[in-house]
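Work through the exercises below with the coordinates open. Try each task before you read its solution.

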Amino acid sequence: MTMSLPRRRSLSLMAVAMLLVAALGPLASSAAAVAAPTIFVDGKHGSDSNTGTSLGAAFKTIKAGMWALRYGGTLDVVGYDDYVYYETMTGSQWFINGTASSPVVIRAHGYGTSGYVRPIVSGARVVSRPGQGKWTRPSPTSYPDLWWTPWTTPIPGYESAVRSYRQERVFVDVSQPLVRPATTTWAAMQKTPGTQYWDGSHLLVRLGGWGSTPGASLDPNTHTIEIPSYTGLLVSSGSQYVQILGFRVRHTTMGVGFTGSSQHGLAQDVDASYNYTMGFFTASSYHTFRRVTGTRNTIQLIKLDNGAHHNLVESAVGTENMGQGIKLTGASTYSNTVKWSTFKGGKDVPLAQGGYGGNVQGIDIEQGAHHNLIMSNTIERNRRGLMLYQVNSSGKALTGNAIRYNTFVGNDNAVVLWDGKYNTTQGKGAITFYRNTYIDNLKSVTSESYTAGKAFVNETFYRTGTVKTQSHSTFYLKKGTITVKNSIIRGSAGYHFYAASGSKITVSYTTYMWLGIATRNSSRTVVFGSGVRHVEPGFLSVDPSSADFLMLGPASAGYKLSSTGGPVGARWR
């Protein structure tokens, strides 16, 4: 269903509203605010033939409730842990504009009270449930673990425009994603647990593998098999001040989205997991995503697409999403803030399951996104923690993004500089990394292309790498130039600073200690200026559970070694 407002009816109602406002003046808006209805949805006990005006007369589907809500008010949806709202929405819903003081609200029943239950909203087509016997083996002798069932309904992700990306997933028992393998022969699938393939007439699956329950049957007739097919809770272009509060959204083709020119939306306390493409989306402005969470979305938890500006992402948690935790992309994406959030678990996604060749990122800034603030986040256990990137040669420089007070823990590459992938102009965006802390990463900062204008100031790098090799260095610059200032490098399995021929790292007012190979690979490519010292910085604690972990105090050796006579590193008191 495309939930757009019928033009003739909307004009008629708007005309009536204008006449009322003209006749009644301030009384009209006051009366409208008082009269804003509450519409109820109860999937277990409601009916779409009801009026929706009370719990006793509730609608059955959220789709019906959202349509009734289009002229404002509150949609109150009863949540259950043992009931799923299987919705068949195919587009975004237009809403009459709310206001800051009187928003349009879509919420869980009892939201804000202790013990409320978040409704489960699904956009899945159910292929089969346990015991239905829909699956057979096309060749049980040669391929005993390969099963198929007739299926002719198009699967999102198999369209010709995106088919080569292999980003669609079929889900087993809610949470296990089955990936389409690079080679889709029966023999290849038999050898590759956790895979699926649709040939246009049959859906084939090979169970097991990542995300499956150890010891569980490989017969799909004993499992629930679902395909993300319909959209989730999407707010249409032109809508303002719409809030979505307290839901669980899964198996949709986009979990929660503020689309088009919508503004001032709020998604809060919503979990969007196991969706095809992303959990949350906007390409517009002044939206807030607060305390949102999501796992194993096929691309990212949150996408701030081209045109997104002045949005806030706060206290989000993304785990094992298969592309990124969050992506900011496009030259019209600016002045967004991402703070107090955690993006983790990309290393736990198998290479064959993850996007970008399995190099899952915590945060991706690309294609000209500029002047965004990434602050006080935790980026943990990803193959690439934070990546600066370009999709193609039209991508603009990533100028003015500020990366501050973040903690990078246990990533293969904490920061990847790839912003000059197609030409040097792209890579010249000035970006300052300030007071970030890097702990137990295999590489802390690496470049994959030309890059320039990147400054690392008051940074702390602690225990980088595990193997005595150049690729396990704190700084591993293949191309480009960067500067390091007022920082601490303590513990590198390889080099503290490695810069290949033609690249350059300029270091000043920085302390270093404990290395595997050498401080630098070359004095020509790693240039030491004033204030570079081989000295123990004097951390108050190296115990991660301590409030003083990697902190400097007034008596620490590094407390007065910066270019201004203050502390080096990221943390002090």
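## Exercise 1: An aromatic pair

**Task.** Are Phe456 and Phe475 buried or exposed? Then classify the geometry of their rings.

**Solution.** Start with burial. Phe456 and Phe475 are both buried; buried means under 20% relative accessible area, exposed over 50%, and partly exposed in between, with a 1.4 Å probe and protein chains only.

A word on the basis. This is a predicted model, in which local features need pLDDT of at least 70 and side-chain atom pairs count only at pLDDT 80 or more, while totals for chains, interfaces and linings use all residues. Residues are numbered from 1 along each chain as its sequence is written, and side-chain values use heavy atoms, with hydrogens and water left out.

Next, apply the pair criterion. Rings of Phe, Tyr and Trp (its six-membered ring) pair if their centres lie within 6.5 Å; planes under 30 degrees apart are stacked, over 60 edge-to-face, and the rest tilted. The structure holds 25 aromatic pairs. In the pair Phe456 and Phe475, the ring centres are 5.7 Å apart and the planes stand at 80°, so this pair is edge-to-face.

Now place the pair in the chain. Phe456 belongs to strand β38 (residues 454-457) and Phe475 to strand β40 (residues 475-477), so the pair ties together parts 19 residues apart in sequence. Strands (E, at least two residues) and helices (H or I, at least four) are DSSP runs, numbered from the N terminus.

Finally, widen the view. Phe456 and Phe475 belong to one aromatic cluster, which also includes Phe408, Phe433, Tyr438, Phe461, Phe497, Tyr512 and Phe528.

## Exercise 2: Charges over rings

**Task.** Which ring face does Arg70 lie over, and which one does Arg296 lie over?

**Solution.** A charge sits over a ring if NZ of Lys or CZ of Arg is within 6 Å of the ring centre and within 35 degrees of the ring normal. Arg70 lies over the face of Trp67, at 3.9 Å from the ring centre. Arg296 lies over the face of Trp210, with 4.4 Å to the ring centre.

## Exercise 3: A cavity and a pocket

**Task.** What lines the largest cavity, and what lines the second largest pocket?

**Solution.** On a 1 Å grid over the protein atoms alone, a cavity is a set of points where a 1.4 Å probe fits but cannot get out; a pocket is an open set with protein on both sides within 12 Å along at least five of seven lines; lining residues have an atom within 4 Å of a point. Grid points are joined across faces, edges and corners, and a volume is the space filled by probe spheres set on the points.

The structure holds 1 cavity of 30 Å³ or more. The largest cavity has a volume of about 40 Å³. Its lining has 14 residues, and Asn321, Gly325, Lys344, Gln361 and Asn382 lie nearest the centre. Two or more lining residues come from each of β24 (317-319), β25 (324-329), β27 (342-344) and β28 (361-366). By class, this lining has 2 nonpolar, 10 polar and 2 charged residues. Ala, Val, Leu, Ile, Met, Phe, Trp, Tyr, Cys and Pro count as nonpolar, Asp, Glu, Lys and Arg as charged, and the others, Gly among them, as polar.

The second largest pocket has about 550 Å³ of space. Its lining has 24 residues, and Tyr165, Gln167, Ile299, Lys327 and Tyr356 lie nearest the centre. That lining divides into 10 nonpolar, 10 polar and 4 charged residues.

## Exercise 4: A loop residue

**Task.** Where does Val360 lie, and which residues does Val360 touch?

**Solution.** Val360 lies in the loop between β27 and β28. At 1% relative accessibility, Val360 counts as buried. Beyond four places in sequence, Val360 touches residues including Asn321, Met322, Gly323 and Asn382; contact means heavy atoms within 4.5 Å.
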